[in-house]
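Here is a friendly walk through one protein model, taken piece by piece. Keep the structure open beside you and look for each part as it comes up.

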Amino acid sequence: MFAEDPKRFQRFSIEDCGLFLDYSKNRVTDETMALLMNLARARDVEGWRARMFNGEKINTTEDRAVLHVALRNRANTPIEVDGQDVMPDVNRVLERMGSFAESVRSGHWTGTTGKRIKDIVNIGIGGSDLGPKMVCKAMQAHIPAHLRLHFVSNVDGAHIAQVLNGVDWETTLFIVCSKTFTTQETMLNAHAARKWFMDHCGDEAGIPKHFVATTTNVKKAAEFGIPAENLFEFWDWVGGRYSLWSAVGLSIMLAIGSGGFAQLLSGAHEMDKHFRTEPLERNMPVILGMLGIWYNNFYGVHTHAILPYSQELRLFPDYLQQGDMESNGKSADRNGRAVDYDTGPVIWGKAGTDCQHSFLELLHQGTQFIPADFIASARPSYPEPAQHPVLMANYIAQTEALMTGRQESEVRAELKAKGLAEDAVDALTPHKIHPGNRPTNTILFDRLTPKTLGALVALYEHKIFVQGICWNLNSYDQWGVELGKTLAGAVLKDLQSDTPGEAHDASTNGLIARLRKTL
Ligand code: F6P
């Protein structure tokens, strides 16, 4: 296709919001793209997009609007939910977060013994952990040397213990970060942190200097002992996995300052504008979303790899796993009917070049083809002159290799040129053939800044939206996760009770009996 069409790269690439997207290495023609755009129109992506931006309650099973776009609405135009403009509340909380963050960063806010805060521990899970953690890791180069960020999520006690072992109670600030303030893991970890703090400080009066909370459940946070002035609220129209732009991003603001956070928001806002106003044919989230549908529903390919060629973006695949899979991993449609088509793919990935030395073999030579997004920054954040060109060379070479592959004739010629005997050439050739024709998207930006990161995250959020609409899903609930939570409660009861029931299946009963001996 490239040989026949010298303009293919120009036609199938697009640049906006500081991001360059090359989607020319996909199995598509002009006709494919036109038909995919027809499909997006037929599914009324544009109508649903307007409903989301207008604050309509498109999360029908929870009767909620979906308005993470309001959190980064830098134009400050009114956005209403139930006839009420949400922007004054958004701006009020942002301002409070800003003055708190700057006061901690400048050393004006101190711990109870008067010492400057050095360690910030965010206690949360899922959307209350993955987004802020990913952004803070990505923005490490922008974080002042005197501040260290830690994220505790796992209910495995090892997680909090390891973090607490490395910090000093006098200089540590805990953020209890939970939309509901009822999540079992977060609450247990928060109580563990509180106990550890009290064991050292010995005085309840020290708590307000060391514990803050971000939540929609103001009442529960108050019950935990967080004073009202340490509470940063958000609203039920912010989905957990879309919440890093809200008070959930407090750790981000502490890390990169209120100015950096504002840049993150404006990058996302630019992408919101792009998504809202560009024609579908020139709309990056729509293009990525429809290409995903092309492979998922027309080729039957059910995984998608996210490969940031960036150590700083190494947590981006983890972050997108929740963003995408918790949103579109559904099998009932909006009307409650079981779907008879495939929905969300498995999202996975790892930073390059590490991924080349683990699973990329399967992408090159495995029996299935796996579409992949290659993401990178053209300029490095750290001055290591020898490293960056090599990183970039690998980033580009992988997409070339995946597409062009290595045909039999090339392999044979190469082996012969090396002087191998005919039978050795015959034996080795099949192993060295790369089928090629394996599709990739390449996303490139000038530098990894808060602004480009904001645009990148919003790009994927809207891609997920587009796909959810095409599959007729509610991408904003997560009832699947709820079952596991309920069953864990029943198992815990049996693990701890003196008279456990045998209400489960034989395997579950057997495992409970075994663990009761050690608990
Ligand atoms: O994983 C399920 C979930 O409900 C996510 O959607 C959410 O991000 C996470 O738990 C944490 O919830 P919360 O912020 O209420 O503690």
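## Aspartate 129 and its loop

Begin with aspartate 129, which sits in the loop between strand 5 (119-123) and helix 6 (130-138). Helices (H or I, at least four residues) and strands (E, at least two) are DSSP runs, numbered from the N terminus. This is a predicted model, in which local features need pLDDT of at least 70 and side-chain atom pairs count only at pLDDT 80 or more, while totals for chains, interfaces and linings use all residues. Residues are numbered from 1 along each chain as its sequence is written, and side-chain values use heavy atoms, with hydrogens and water left out.

Is aspartate 129 buried or exposed? Aspartate 129 counts as buried because its relative accessibility is 2%; buried means under 20% relative accessible area, exposed over 50%, and partly exposed in between, with a 1.4 Å probe and protein chains only. Leaving aside residues up to four places away in sequence, aspartate 129 touches Asn122, Gly124, Phe151 and Ser153, where contact means heavy atoms within 4.5 Å.

## Helix 5

Helix 5 covers residues 87-106, 20 residues in total. From its first C-alpha to its last, helix 5 reaches 28 Å, close to the 28 Å expected at 1.5 Å a residue; the expected span is 1.5 Å times one less than the number of residues. Just after helix 5 comes glycine 107, with a positive phi of about 90°.

Which residues of helix 5 are buried? Among them are Met87, Val90, Leu94, Phe100 and Val104. The cover over the buried residues of helix 5 includes helix 4 (68-71), strand 4 (84-85), strand 7 (172-177), strand 8 (211-215), strand 9 (231-233) and helix 10 (250-277).

## The parallel sheet

Now for the sheets. Strands of a sheet pair through backbone hydrogen bonds, either parallel or antiparallel. Here, two strands pair if DSSP finds at least two bridges between them.

Strand 7 and strand 8 are joined in the parallel sense by 4 bridges, and isoleucine 175 has valine 212 in strand 8 as its bridge partner.

## Around the ligand

How many residues surround the ligand? There are 15, and the closest are Ser128, Ser178, Thr180, Thr183 and Glu326; a residue is near a molecule if one of its heavy atoms lies within 4 Å of it.

Some atom pairs can be picked out. A polar backbone atom of glycine 127 is 2.7 Å from an oxygen atom of the ligand. For lysine 179, a backbone N or O atom lies 2.7 Å from a ligand oxygen atom. In glutamate 326, an N or O atom of the side chain is 2.6 Å from an oxygen atom of the ligand.

Strand 1 and strand 2 (residues 19-22) run antiparallel and are joined by 4 bridges, with isoleucine 14 opposite leucine 21. Their hairpin has 2 residues between the strands, and cysteine 17 takes a positive phi near 55° there. Strand 2 also pairs with strand 13 (residues 440-445), in the antiparallel sense over 4 bridges; phenylalanine 20 stands opposite leucine 444. Strand 12 and strand 13, by contrast, run parallel and share 6 bridges. Strand 13 is mostly covered, with 5 of its 6 residues buried.

Terms used. A polar contact is a pair of N or O atoms within 3.5 Å; within protein, one must be able to donate a hydrogen and the other to accept it, and residues adjacent in sequence count only if both atoms are side-chain atoms.
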